[in-house]
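I opened a new page for this structure. These are my notes on what I looked up.

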Amino acid sequence: MKKAVVAATAAVLAFTGVAAAQDAGPHAQAIKARQGLMNFYAMNLGPLGAMAKGEMEYDAAAAQVAADNIAGVANLNLGMVWPQGSDNENAQGTRALPAIWADGSDIGAKASDLKAAAEAMQAAAGTDLASLQAAMQGLGAACGACHKAYRASE
């Protein structure tokens, strides 16, 4: 009897898990992955921004690690986390606007700008505070340009 109850409970939980995945939509995994990447960017941008503003003591080694991480992600092929239909009008839990996939979208240019700004930060971050501050302007502008054009406000 105990085995039957355990088996029934497992079956209900398994069905609930499948139903929850289906409710999340076909792009749930891609959305979750790209949000994780955005969080990773933010985690690395935080100390760089704090150093640039003088809110945190400049640490060349820590700045270099953060810049290397940002450049590493910016240089990945992330197409698989941006499938068409994974926008906020067609999927839950995302602020990505449909304009990303629209004809005439400049998302590719914005991604190239981010890559260039990330590489500039990578070259500058461990040099000195002034170099980090100069590179932070370009990196912040690249991030902001994409978010302003292609991310819905909260």
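I started with Trp101, and found it buried, with a relative accessible area of 18%. The cut-off for buried is under 20%, so Trp101 falls within that class. I note that the model is a predicted one.

Next I looked for aromatic pairs and counted one. The pair joins the rings of Trp82 and Trp101, whose centres are 6.4 Å apart. Their planes stand at 45°, so I wrote the pair down as tilted. Both Trp82 and Trp101 are in the loop between H3 and H4, so the pair ties together parts that lie 19 residues apart in sequence. I then checked how accessible Trp82 is: at 28% relative accessibility, Trp82 counts as partly exposed.

Which residues does Ser86 contact, leaving aside its neighbours within four places in sequence? I listed His27, Ile31, Arg34, Ala91, Thr94, Ala96 and Trp101. Ser86 sits in the loop between helix H3 (60-74) and helix H4 (107-124). Is Ser86 buried or exposed? I found Ser86 buried, with a relative accessible area of 0%. I also noted a polar atom of the Ser86 side chain 2.6 Å from the backbone oxygen of Pro83.

Last, I turned to the whole chain. I found five helices and zero strands, in the pattern α-α-α-α-α along the sequence. Of the 154 residues, 29% are buried. The accessible surface is about 9300 Å², and 60% of that surface belongs to carbon and sulfur atoms. Among contacts with a separation of 6 or more, 68% are between residues 24 or more positions apart.

Notes
Residues numbered from 1 in each chain as written. Predicted model: local features only at pLDDT ≥ 70, side-chain atom pairs only at ≥ 80, totals over all residues. Heavy atoms only, no water. Helix = DSSP H or I, 4+ residues; strand = E, 2+ residues; numbered from the N terminus. Buried < 20%, exposed > 50% of the residue type's maximum accessible area, 1.4 Å probe, protein only. Polar contact = N/O pair within 3.5 Å; in protein donor to acceptor, adjacent residues only side chain to side chain. Contact = heavy atoms within 4.5 Å. Areas by Shrake-Rupley, 256 points an atom, 1.4 Å probe, with all protein chains shown as cover. Phe/Tyr/Trp six-rings, centres within 6.5 Å; stacked < 30°, edge-to-face > 60°.
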